Amino acid sequence: MLLQVHNLRKTFPIRGGLLGKKTGEITAVDDVSFYVKKGETLGLVGESGCGKSTTGRAILRLHEPTSGQIEFEGKSLLALSEEEMRKARRDLQMVFQDPFASLNPRQKVMDILEEPLIVHGMGNGKERKEQVQELLHLVGLNQSHAMRYPHQFSGGQRQRIGIARALSTKPKLIVADEPVSALDVSIQSQVLNLMADLQEKFELTYLFIAHDLSVVKHISDRVGVMYLGRLVELADRDELYERPLHPYTQALLSAVPVPDPDFQKQRIILSGDVPSPANPPKGCAFHPRCPHVMDICKEVRPEFADQGGGHFSACHL
Amino acid sequence: MSAHIQPVPFTKPEPPISPEKEIVESPFRDFVRAFLRHRSAVIGSVIVLSFLLIAILAPFITSYEYTARSQALLQAPSVDHWFGTDEMGRDLFTRVIYGTRISLWVGLFAISGSIIVGSLLGLIAGFYGGWRDTMISRIFDILLAFPSILLAIAIVAMLGRSLSNALLAIAIINIPTFGRLMRSRVLSVKSEDYILAARAMGMKNRRILFHHILPNCWTPIMVQGTLGFATAVIEAAALGFLGLGAQPPEPEWGTMLADARQYIQLAPWTMIFPGVAVALTVLGFNLLGDGLRDIFDPRMKQ
């Protein structure tokens, strides 16, 4: 068990009025618990705004969690002081969604990749330069690219730089926040394959956040589904895709396009919109849209429990 | 028909680039190219550079002393006195040329001072936020509540009239301009992904501030600094004109204009040449500043 998350909660205040008084709260992540085993990839899917990115950032304490427990290699991350956390970041890295915004436009690739090493005091100048060359080679970039600036690369190449940067400190866990959703479909598979190769080579563990179900299916060992800040289902990949238990997961999976024009499928069309996270529904967050809604769903929040064989689901059904 | 379609390889191997042939498109090189294409930036920089040369080479351009009096009072421009002479028989060309030194000196030091103090305050306010931001922003508001020249007059009146006090006053009244600019720039850069990335890498605040935020903030400061230079030259001349800046016999353009007031009909050149010098300097810096703004504007980039 590399990472364990217990009852993670993150709220953001809504401020209004002249003096910026707190007028409400948005619950971005609500009571989320899961674990990630060493060497595996946990996919986290959900619609935009469901709190999956916030979950990833809260785990790295880029957004300070409101409450909950995060254990990394058995040690609580939330108990670390700011300086201890800074040092711990060597083992916990992140790949960002937008490869155009996540690289400093005024740094050369060499400096971008060398900086994490400097920050964590790894190697001397010569060793660091060599390691940068090695990193570039690992992610499939030319060594002469080191002296270029980010704007001289394509989106896919930039994301390779982002991956190389995350890899530079030899981390144990990489949180990949929609790493391919900004890329062309043809480039997506290249980057996904690169990530899979690197995982094998360095025994990396990924927390892979995405909204594309086929991308997640391709790369994940286990998949978690989020809705309105809550984890509604989590299971092994094949189990989840073949035997989804939660009505939301069923609806989500029924929306995946099938590349066969003659295939007639039963789509589950949900009515209504996602409720506001500032005012989530009572009971089960999904009950206003659920086709199987019962009275109990409107009152009691279902527990996120093991339904057998590590298949977790939060549903009264 | 699909039988004739050639299979397209999924990934094209990248052609190897030898290090000698690799041309690094540094942002600086891009800047120089864009600068040379921009007409008003080039004209502005030519004017500014000419004044700079005049200021540096002043003793070699003219053979007169700027305080040397002669019997030839209020003489029209001639071969001996290119710009004529003033009411004390001093060579006006010499005084205008030495005046360049004073104006550029005031502009350079006043604006550098405002930039250093203003940017630092703006950086702190924008990056740390909270009470620091509230305190610094209110100070800027207070400074901006006064008409700037009035505030400058008040500061000089308090400290005593001299060129160095005028310089200090000009520096102080320009602080909020740069401070606010820096603060707003820091706020927008701070929310960029690459700053979050820097934090995720485990960088200290100081490193993020000086290695990642500051380098991405200085372009608007440079533009504003160039434009502010022009304002500082005018403000220095205004204070000189009011007798609060440079004191006679210093050849300050504003002071010269004030002295020439009484002779405007008798000897208009005593007013025209210092006036033109102020106007040209201001024009030069404004053209350069506008040009820089266009060049740095991200919307201009292809």
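**Figure 1. A loop residue of chain A, E303(A), in the predicted model.** E303(A) lies in the loop that connects α10 (295-299) with β11 (305-306) of chain A. The model shown here and in the following figures is predicted. Is E303(A) buried or exposed? The residue is classed as exposed because 11 C-beta neighbours lie inside 10 Å, and a residue with 12 or fewer such neighbours is placed in that class. A second residue of the chain, E84(A), is 219 residues from E303(A) in sequence. In space, the C-alpha atoms of E303(A) and E84(A) are 34 Å apart.

**Figure 2. An open sheet of 4 strands in chain A.** The order of the strands in this sheet is β2-β1-β4-β5 (chain A), and their pairing is antiparallel. Which strands form the edges? They are β2 (21-36) and β5 (75-76) of chain A, each of which pairs on one side only. Strand β1 (residues 3-16) of chain A is joined to β2(A) by 11 bridges in the antiparallel sense. Within this pairing, P13(A) has E25(A) in β2(A) as its bridge partner. Strand β1(A) is also joined to strand β4 (residues 67-72) of chain A, by 5 bridges and again in the antiparallel sense. Here the residue opposite L3(A) is F72(A) in β4(A).

**Figure 3. The hairpin formed by β4(A) and β5(A).** These two strands run antiparallel and are joined by 2 bridges. E71(A) has S76(A) of β5(A) opposite it. How many residues lie between the two strands of the hairpin? There are 2 residues between β4(A) and β5(A), and E73(A), in the turn, has a positive phi of about 50°.

Figure 4. Strand β6(A) runs parallel to strand β7 (residues 173-177) of chain A, and 4 bridges join the two. M94(A) has V175(A) in β7(A) as its bridge partner.

**Figure 5. The two domains of chain A.** Domain 1 of chain A comprises residues 3-91 + 171-267, and domain 2 comprises residues 102-170. The centres of the two domains, taken over C-alpha atoms, are separated by 25 Å. Where the domains meet, 12 residues of domain 1 of chain A are in contact with 13 residues of domain 2 of chain A. Which element gives the most to the domain 1 side of this boundary? Helix α6 (residues 185-202) of chain A does, with 6 residues.

**Figure 6. The contact between chain B and chain A.** Across this boundary, 24 residues of chain B are in contact with 26 residues of chain A. On the side of chain B that touches chain A, the elements giving two or more residues are α7 (193-201) and α8 (205-213) of chain B. The largest share of that side, 7 residues, is supplied by α7(B).

**Figure 7. The overall form of chain B.** Chain B contains 11 helices and 0 strands. Its C-alpha trace spans about 100 × 55 × 35 Å along the principal axes. The radius of gyration of chain B is 26 Å, whereas a compact globule of 302 residues would have a value near 19 Å. Of the 302 residues in chain B, 41% are buried. Among contacts in chain B between residues at least 6 apart in sequence, 70% join residues at least 24 apart.

**Figure 8. The bent helix α2(B).** Helix α2 (residues 39-61) of chain B has 23 residues, and its end C-alpha atoms are only 29 Å apart. A straight helix would reach 33 Å at 1.5 Å a residue. Where does α2(B) bend? The bend, of about 50°, is at A55(B), and a proline, P59(B), follows within four residues. The buried residues of this helix are A41(B), G44(B), S45(B), V48(B) and F51(B). An α-helix has 3.6 residues a turn, so residues three or four places apart point the same way. The buried residues of α2(B) pack against α1 (27-37), α3 (92-128) and α11 (269-296) of chain B.

Definitions and conventions: Residues are numbered from 1 along each chain as its sequence is written. Chains are lettered from A and ligands numbered from 1 in the order in which they are written. This is a predicted model: local features need pLDDT of at least 70, side-chain atom pairs count only at pLDDT 80 or more; totals for chains, interfaces and linings use all residues. The radius of gyration is taken over C-alpha atoms; the globule rule is 2.2 Å times the number of residues to the power 0.38. A residue is buried if 20 or more other C-beta atoms lie within 10 Å of its own, exposed if 12 or fewer, and partly exposed in between; C-beta atoms are placed from the backbone. Two residues are in contact if their C-beta atoms, placed from the backbone, lie within 7 Å. The expected span of a helix is 1.5 Å times one less than its number of residues. The bend at a residue is the angle between axes fitted to the seven residues ending there and the seven starting there. Two strands pair if DSSP finds at least two bridges between them. Domain bounds come from an automatic or database domain assignment.
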